[in-house]
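Morning, everyone. Today I'd like to talk about aromatic rings and their contacts. Let me put the structure up.

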Amino acid sequence: MEELSHWIGGRHVKGTSGRFADVMNPATGEVQARVPLASQSELDAAVAEAAAAQPAWGATNPQRRARVMMKFVELLNRDMDKLAEALSREHGKTLPDAKGDVQRGLEVVEFCIGAPHLLKGEFTDAAGPGIDMYSMRQPVGVAAGITPFNFPAMIPLWKMAPALVCGNAFILKPSERDPSVPLMLAELLQEAGLPDGLLQVVNGDKEAVDAILDNETIAAVGFVGSTPIAQYIYARGCAAGKRVQCFGGAKNHMIVMPDADMDQAADALVGAGYGAAGERCMAISVAVPVGEDTADRLIEKLVPRIEALKVGPYTAGTDVDYGPVVTAQARDKILGLVQSGIDQGAELVVDGRNFALQGYEDGFFVGPHLFDRVTPDMDIYQQEIFGPVLSTVRAKTYEEALGYAMDHEMGNGTAIFTRDGDAARDFAARVNVGMVGINVPIPVPLAYHTFGGWKKSSFGDLNQHGPDAFRFYTRTKTVTSRWPSGIKEGGEFTIPTMG
Ligand code: NAD
């Protein structure tokens, strides 16, 4: 069986802790590799090496650092198929979706090519007599990123590219469920010209994460994953005096107004609810039709679309809509929540519980589920299911529908489908959710805007990628400089005064 490694000092390094995690192929249910789980001393050694490499990189001019990103973009495009295949094999998502995962990360690398412009700082000429004032953006030193399983290319890229182009060294602790693509990204960055030691990929679990939080050299930590872990890392990292941003879970509502194009809304819901088997932090998991008639029309449109979904392994290419979920535990948790929905009185309109795929009986496939008449007291409403399960909550009015999105503790994404500009504007202005779609079900902002939720979907004050990433990975230094009149006036023999 393949034994994966860490990537330290520009080469693959075997784990020495003696601890490993199984990496599954979710489509077959087989263990395909094992990944080493780093100990605190392995993590500390990787950080020390990164800290030694960082000053020279921080002093390299930003144009040169940006050129590494330029070359990296070229290599990501060159290896797109290879990366997507490795990603699908460990994660389970379809190949076109895996390419999207790489692509949305690559776009942030493209944005990072603008580093010389983004790092320019500010300057005030003649702020006082003979006084100029300027601010510089300097690297924080060594930063770390802890990332989830569901976007094993995109989220590591969102973190490593801005951190590195700002002049930092970066420690990536990827998800232990799908660690191969992050290791491939490290190889590509080396080929793109990144000096060794600046990007360290340290595989691991809670022990490696705690070692990051305890390491005094690491100045900034970015996390993406579930809310309880986000909260834990935020609290512990801040208490240790680090700069921390943590992005957590989601429960994204899509409001469907009576005037919406119902075919469009149903198509959007099927893609956003079941794409990637619902394992997206921007998946729509709650549909909120406004009015009984709207709800009936929506369910009528949804059912045949959901029943027609093709579920299968990534090896079936474009012939599948979504693949398996990531592990057997994830599958069991989803099916447990489906059962709770039934027990608590929701109406299961499409039942995917008995889904089976010939030849893939041991894979972690979950059939699509649709619930109607879900209410806010149910577990399927309160919890993030992270599977192919869409819940419908019927609202009588627009205000009631808005209230559902507002009152939920999560606030990552939300959407409204309507033909009425007034309702759409009102929704965008009032809803307390970080990313809003108007007739767009998955409103993931592009690389030059920023990504982040509100409420329990995010901890910290800066978003991911876009200009916020350049703020997160740099410290501002402001210099006030005064040059008293000097040699050009000739020799001065009395003490200079400020008068
Ligand atoms: P997770 O919280 O289980 O794991 C995320 C990372 O934390 C992994 O690297 C993991 O090794 C580490 N980790 C796990 N348990 C830990 C512990 N007890 N102590 C310290 N570290 C620990 O999340 P996941 O299952 O990999 O990813 C799915 C979750 O991520 C979902 O909740 C999803 O909504 C969320 N997510 C959020 C965003 C966002 O931008 N808000 C994006 C993608 C995914």
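Which charged end sits over the ring of Phe 151? That of Lys 93, 4.0 Å from the ring centre. Keep in mind that this is a predicted model. There is another such contact: the charged end of Arg 34 sits over the ring of Phe 20. Here the distance to the ring centre is 3.7 Å.

Now ring against ring. Searching the whole structure gives eight aromatic pairs. I'll take two of them in detail.

Start with Phe 123 and Tyr 134. Their ring centres are 6.1 Å apart. The planes meet at 25°, and under 30 degrees counts as stacked, so this pair is stacked. Phe 123 is in strand 6, residues 122–128. Tyr 134 is in strand 7, residues 131–139. What about exposure? Phe 123 is exposed, at 54% relative accessible area. Tyr 134 is partly exposed, at 30%.

Next, Tyr 234 and Phe 459. The centres are 6.2 Å apart. The planes are at 35°, so this pair is tilted. Tyr 234 belongs to helix 9, residues 227–239. Phe 459 belongs to strand 22, residues 458–459. The pair therefore ties together parts 225 residues apart in sequence. Is Phe 459 buried or exposed? Buried, with a relative accessible area of 13%. Tyr 234 is partly exposed, at 27%.

Last item: a cluster. Ring pairs link Phe 355, Tyr 360 and Phe 365.

That's it from me.

Key: Residues numbered from 1 in each chain as written. Predicted model: local features only at pLDDT ≥ 70, side-chain atom pairs only at ≥ 80, totals over all residues. Heavy atoms only, no water. Phe/Tyr/Trp six-rings, centres within 6.5 Å; stacked < 30°, edge-to-face > 60°. Helix = DSSP H or I, 4+ residues; strand = E, 2+ residues; numbered from the N terminus. Buried < 20%, exposed > 50% of the residue type's maximum accessible area, 1.4 Å probe, protein only. Lys NZ or Arg CZ within 6 Å of the ring centre and 35° of its normal.
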